[in-house]
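Biologist: I'd like to learn how to read helices in a model. Can you walk me through it?

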Amino acid sequence: KWAAVTSFPSVIHQELLARDLIPNYHIGQNERQIQWVGQCDWEYRAQFVTPKKLLSNTDLVFEGLDTFATITLNGNQILRSENMFVPARVNAKDYLRDPGEENEIVITFESAVKVGSQFEKIYGKRRAWMRDTKRYYERKAQYSWGWDWGPIVLTAGPWKPAYLDTYDTKIEDVYFRTLSLAPNHTNADIGIDVNISSANTNLQALVTLTDAKGKEAANISIPLNGTDAGSIEWRIKSPKLWWPNGQGQAHLYNASIKLVSSEGTILDTKSLKFGVRTTEVIQQPLNGEPGTTFMFRVNGRDIFAQGGNWIPADNLLPTITRKRYFDWIKLGAYSHLNMIRVWGGGIYETDDFFDACDAHGILVWQDFGFACGDYPTNSDFLSAVREEASSVVLQLRNRASLALFAGDNEDFMLTDLITKYDHSDTTGPFLDTNFPQREIFLKILPEECTRLAPTTQYWPSSPWGGSTANDPTVGDIHQWSVWHGPQLPYQSYPQLAGRFVSEFGMHGFPVERTVDYFTRGAPATELHPQSRTIDCHNKGEGAHTRIARYLAENFRFDMQSLSNFTYASQLMQSEAYGYALRGWKRLFGGPGKEKCAGAIIWQLNDVYPCTSWAYVDYFLRPKPAFYTIRRAFAPVSVGVMREPASRWIDEDHPLESYIPSFETFAHNTTASEKELELRIAAFDFSNGEWTELGDHRKRKVTLQAGQNTELGRLERQDAWGEESLVILEVELVDQDNGEVVARHVDWPEPYRYLNWPKGTSVSVAVSEAEKDGWENTVSIKSAQPFKGVWLEPVYDGTEKDDDTEPLWEDNMLDLMPGQELSVRVNGLRGRKVKARFMYD
């Protein structure tokens, strides 16, 4: 039975959901009931009228088909497509009916399960690392088969636009790139390549450049001289540069390209935006340290990469609107990210995604579409990979935000676990070795990148470099010794640095309203942390055990109340990310001391409502960790290292004393020095007394530009004893206006040892905000110190399922006794505010 599509582009699950033919897999355990969809073949068909005027070329264009598609036009097969990442263009002129007559196009999508099974019969079943091994043979987004953060949703359909394109001569492609930038930024040399559909005599391309305000920057003529390509190098004086978030304006030039005949007739036009910027990966020796740096240098400035890993924002890709992409990237920028790594098991993201990254100064580390896989190396597969690589590089190479192409996610690292090979061999031959996939990552992909995007860095894998793929002294690492592997304490993060940490993470439940959504309709017997419903929305193997273990090591927690358990996990995630980011940014010193030059959190976003490593949940609701990350990634941040770090007594190796001392440090991500005042306060929670710190209480400090600065050490104070519970507050204050620009509160751990008086509470007051675009100010105060004060609205029933949460100036706050903290917020909509805190 045929039914009209509800939207286009489309995948079949959208249509079935719209007609209530399958249940909402976001809720409960409904995912288990939709698996039949991926096991079926599906057909789409459409009718269209042949245009009255057809030019010399008439093509049917399919920007994306998911995945095994056979297309007929008026009963004639015109295309077989087997790669969802490669657009198809087919000459349709000979198959169209006469102008004004109706045509029928039919697209049959074969089941990815069936096709994968056929491949396995022919080539054999490959080694299993993550989910179904059939995925390795298919150039379909790998996460469709499920992952350790997402469900199995095997979509099929025309997931990108399809249309008829009729033309005589057209601009096929334009490539802008920055060739060089003067050290003082007084001029920049750019290269422009123009390719057209066919050679023609006496054509030229006219290029007009204007800045973001519309001021003309250049008029350039590129003669084509009877060929289908032309290029030119051009110098822009006093260029406006594209900078990453936090380093300056992400300026974009507008380019208008006209293809013009000798008579002045405009044959085709194209427009795009591009940024003038240079991006390099710097690998150079360190002072007194093994290995080399792995550091991004943008426009000649070395930066600490503050990143989040990106997975697809939905299983149903056509549902991701342009607004939703921009909202995601705005949230990333608000948390002070300057980089996003697009993970290899997802998709090559859309123009909307890259438009948002370009506009907001977010550098993009782009993996090719391979992840945790034992991929085949037969000739057909390798040919498909080369075609895919060429298409992807052409699609993305103009992007100001594009910083690096990486060959894959973790394929080298996982191969290290099962076999030995020569890590120094980067030239091959590879096909007849025990790691033949290097043909893809060390030959095919870099060849296409060098040919088509020579100014963009290529990196063979993530992680990669050194004597092993995960060598902490060379290249990038995935630091999973916390959570995975030996499951070390998250307090160990500062000692687990690499030259560049491109993955690390800690689980936390989503915002409680999201938990309420995906448990909707579940019986009361399922509303606890160990239920099958909760497990269905956490795809990580052993995740429930690991959450409980990390909680048990650090906090007292409640296994009966789902609400309390949710908050405890969020607090744990918040603490873990804070430890990692403060510790690793501390290692970014001046020249020769950049021992760690980047941290990319796994992960920024979720694909559906679930518990995961994400710090923003599926509905774009920031978890408590969001605000801890925002503080750690702020232009100026401050940190404390306590010694000893814990009051826990190792019975085999007890310490002589547990009275603490403290090291303080600060990171300045900006390009200029900061003159600030350091303020330190200490409160002994064991006796309720403040410690007199004398000269240590307040002093002026200078933070070096773009690096960490050590601020000194606070030794043990005479007033402290073995039973003291010292809470240390450190602030950096702008002396001109008294504004606190950075703050951190360091607590005695483990938190499970701490006790609060019964009846302890925090007061919350809401008022109208006075300036800077904020709607309300929320003030909190208590006679006691508090850890992890999480502010959220008191819901009044007017909220929609997909409503975002209020956006706060700051949240997940630590409060000193008698102190009043005020934060501003948008989105309360007149609702009251409640506060959760540790051990409330």
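Modeller: The expected span of a helix is 1.5 Å times one less than its number of residues, and helices are DSSP runs (H or I, at least four residues) numbered from the N terminus. This is a predicted model, where local features need pLDDT of at least 70, side-chain atom pairs count only at pLDDT 80 or more, and totals for chains, interfaces and linings use all residues. Residues are numbered from 1 along each chain as its sequence is written, and side-chain values use heavy atoms, with hydrogens and water left out.

Biologist: What span should helix α7 have, and how far apart are its end C-alpha atoms?

Modeller: With 15 residues (438-452), α7 should span 21 Å, and its end C-alpha atoms are 20 Å apart, which agrees.

Biologist: How many residues of α7 are buried?

Modeller: Buried means under 20% relative accessible area, with exposed over 50% and partly exposed in between (1.4 Å probe, protein chains only). In α7, 11 of the 15 residues are buried, so the helix is largely enclosed by the rest of the structure. Among them are Phe441, Leu445 and Pro446.

Biologist: And how do I read two packed helices?

Modeller: They are described by the angle between their axes and the distance between the axes. Axes are lines fitted to C-alpha atoms, for helices over the stretch in contact, and angles run from 0 to 180 degrees between N-to-C directions. Helices α10 (543-554) and α11 (562-585) pack at about 75°, with axes 10 Å apart. That makes α10 and α11 roughly perpendicular (65 to 115 degrees; under 35 is roughly parallel, over 145 roughly antiparallel, the rest oblique).

Technical notes
Helices (H or I, at least four residues) and strands (E, at least two) are DSSP runs, numbered from the N terminus.
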